[in-house]
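Here is a short report for a reader meeting this protein for the first time. Please look over the sequence and the model before reading on.

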Amino acid sequence: MKNTLIPATIAFLMLSPVTFAQNTTTEVKTETTNDTEFKTAEQLEKAAEPAIGEAYLREKYGEWELRCIRDKVIEKEECRIFNLLADQDGKIIAQIDMQVLPKGGQAVAGVDIATPLGSLLTAQVVMTIDAGKAKRYPYTWCDQAGCYARFGMTQGEVDEMKRGARANVIVSSVTAPDQPLKLDLSLSGFTAVWNAVALK
């Protein structure tokens with residue numbers, strides 16, 4: 001009996017410190033995990049802020065987004081306005097982004113419309129605002145992501161977008177040139193987002 005109990009007691013004493021150490025380690029890890037999981041509102045807001053030089057969504061205006069490159073001084077941030085163009089089934093096909101151009105030129109807005117690879121370049125991009133006159137814009141280049149029409153808009157054309165409700169953009173594909181896609185572009189919020197950039 002003696003020989004049986006002593007080894008058992010020694011085994012218990014040897015295991016106890018190890019078990020305690022493991023529990024201590026677990027408690028420390030739990031405290032660390034809790035500290036990282038339960039952040040204050042101020043900590044969460046600061047962690048979510050984009051770094052200097054990083055693109056971020058500053059604000060939404062109706063269907064339009066104002067996206068900027070973070071700068072130490074917010075007034076110096078480079079900003080563009082974005083929207084998506086969908087077909088009649090609601091599938092996103094293209095994207096438009098606009099920027100305010102320096103004063104003095106005929107064009108006040110720089111526009112890029114991005115369409116998928118396989119767009120029929122010779123058909124160009126056709127845009128109509130409400131029941132206005134259709135205007136054609138040639139493609140400028142293509143890359144691995146898609147094809148792009150880059151052009152300038154006059155103040156009169158920007159004002160037309162401000163007054164409008166919707167714009168229709170027509171693009172064609174190489175595979176079905178006789179079936180052009182009519183894309184819907186909502187102008188809800190355009191006036192507000194344009195003024196937020198142009199009047200700053």
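Which hand does the disulfide of Cys-68 and Cys-79 have, judged by the torsion about its S-S bond? The torsion is about 105 degrees, so this disulfide is right-handed. The bond joins distant parts of the chain. Cys-68 lies in strand E2 (residues 64-69). Cys-79 lies in strand E3 (residues 79-86).

**Confidence**

This is a predicted model. Its mean pLDDT is 81. Of its residues, 74% reach 70 or more. Over residues 1-34, pLDDT stays under 50. For that stretch the model has 1 contact beyond four places in sequence. Where pLDDT is low, the predicted coordinates should not be read in detail.

**Disulfides**

How many disulfides does a search of the whole structure find? The search finds 2. The table sets out both.

| Disulfide | Sulfur-sulfur distance | Torsion about S-S |
|---|---|---|
| Cys-68 and Cys-79 | 2.1 Å | about 105 degrees |
| Cys-142 and Cys-147 | 2.1 Å | 105 degrees |

The link of Cys-142 and Cys-147 is right-handed. Number the bonded cysteines in sequence order, and the pairing reads 1-2, 3-4.

Are Cys-68 and Cys-79 buried or exposed? Cys-68 has a relative accessibility of 1%, so Cys-68 counts as buried. Cys-79 is buried too, with a relative accessible area of 10%. Cys-142 is partly exposed, at 34% relative accessibility. Cys-147 is buried, at 3%.

**Aromatic rings**

The structure holds 4 aromatic pairs. One of them is formed by Trp-141 and Tyr-148. The ring centres of Trp-141 and Tyr-148 are 4.8 Å apart. Their planes meet at 20 degrees, so the pair is stacked. The cut-off for stacking is planes under 30 degrees apart. Trp-141 counts as partly exposed, with 32% relative accessibility. Tyr-148 has 15%, under the 20% limit, so Tyr-148 counts as buried.

Which residues form an aromatic cluster? Trp-64, Phe-190 and Trp-194 form one.

**Charges over rings**

Two arginines come next. Arg-67 lies over the face of Phe-82, 4.3 Å from the ring centre. Arg-70 has its charged end over the ring of Tyr-56. That charged end is 4.3 Å from the centre of the Tyr-56 ring.

**A closer look at Asn-168**

Where is Asn-168 found? Asn-168 sits in strand E10, which covers residues 166-171. Its relative accessible area is 24%, so Asn-168 is partly exposed. What does Asn-168 touch, leaving out residues up to four places away in sequence? Its contacts are Val-126, Met-127, Thr-128, Lys-182, Leu-183 and Asp-184. Ala-134 is 34 residues away from Asn-168 along the chain. The C-alpha atoms of Asn-168 and Ala-134 are separated by 9.1 Å.

Technical notes:
Residues numbered from 1 in each chain as written. Predicted model: local features only at pLDDT ≥ 70, side-chain atom pairs only at ≥ 80, totals over all residues. Heavy atoms only, no water. Helix = DSSP H or I, 4+ residues; strand = E, 2+ residues; numbered from the N terminus. Buried < 20%, exposed > 50% of the residue type's maximum accessible area, 1.4 Å probe, protein only. Contact = heavy atoms within 4.5 Å. Phe/Tyr/Trp six-rings, centres within 6.5 Å; stacked < 30°, edge-to-face > 60°. Lys NZ or Arg CZ within 6 Å of the ring centre and 35° of its normal. Disulfide = S-S within 2.5 Å. pLDDT = per-residue confidence, 0-100.
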